[in-house]
Amino acid sequence: LIAKIYEKAAHLTNIDPDLFQKYHESSAQHHSIAESLQVVRYKKGEEYTPHHDFISPSINDRHQPSRFATVLIYLNDVKEGGETRFPRAINSNNAEGLEITPKIGSAVLFYNSLEDGNFDDLSQHGGNKVLAGNKWLANLWVSNIELLRL
């Protein structure tokens, strides 16, 4: 199942699937541009305040890898509430942010960095309060660690 998720993430991001699950022949040690999947559950009344997924490098290591992309995978339909909200997102039709309703089996891909490597402040996102039921999702964060080594 995990391999299939990584494969789909590679397709979504147009990145070589081997970078998502790569093993060194000498040690069988796993290396990946993706962090381990994080599965989270929000109960009725819980929410996640707006935040960014990028990590600012320390002043001592300005080449520290950062999360450049995030894939949120919805594992269930939420009875009410629990939308993923991008409060700073704007387009020609809307300047009030963007909300995505969780639907089982769907996913949202967004980039935390711009093409030039600077962080994208518009990637700020959060989870609206769950009003009824539970919300289950998996976070897949994609880092530039292996890309820096190429």
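Start with the lining of the largest pocket: its residues split into 12 nonpolar, two polar and two charged. (Ala, Val, Leu, Ile, Met, Phe, Trp, Tyr, Cys and Pro count as nonpolar, Asp, Glu, Lys and Arg as charged, and the others, Gly among them, as polar.) This is a predicted model, where local features need pLDDT of at least 70 and side-chain atom pairs pLDDT 80 or more, while totals for chains, interfaces and linings use all residues. Numbering runs from 1 along each chain as its sequence is written, and side-chain values use heavy atoms, with hydrogens and water left out.

The pocket has a volume of about 310 Å³. Select Leu-1, Ile-5, Lys-8, Ile-73 and Leu-75: of the 16 lining residues, these are the closest to the centre. A pocket here is an open set of points on a 1 Å grid over the protein atoms alone, with protein on both sides within 12 Å along at least five of seven lines, and lining residues have an atom within 4 Å of a point. The volume is the space filled by probe spheres (1.4 Å probe) set on the points.

Next, colour helix H1 (2-13), which gives the most to the lining, six residues. Strand S5 (67-74) supplies at least two. Helices (H or I, at least four residues) and strands (E, at least two) are DSSP runs.

Now move to the open sheet of four strands, ordered S4-S10-S7-S8 with antiparallel pairing; strands pair if DSSP finds at least two bridges between them. Its edges are S4 (48-51) and S8 (98-100).
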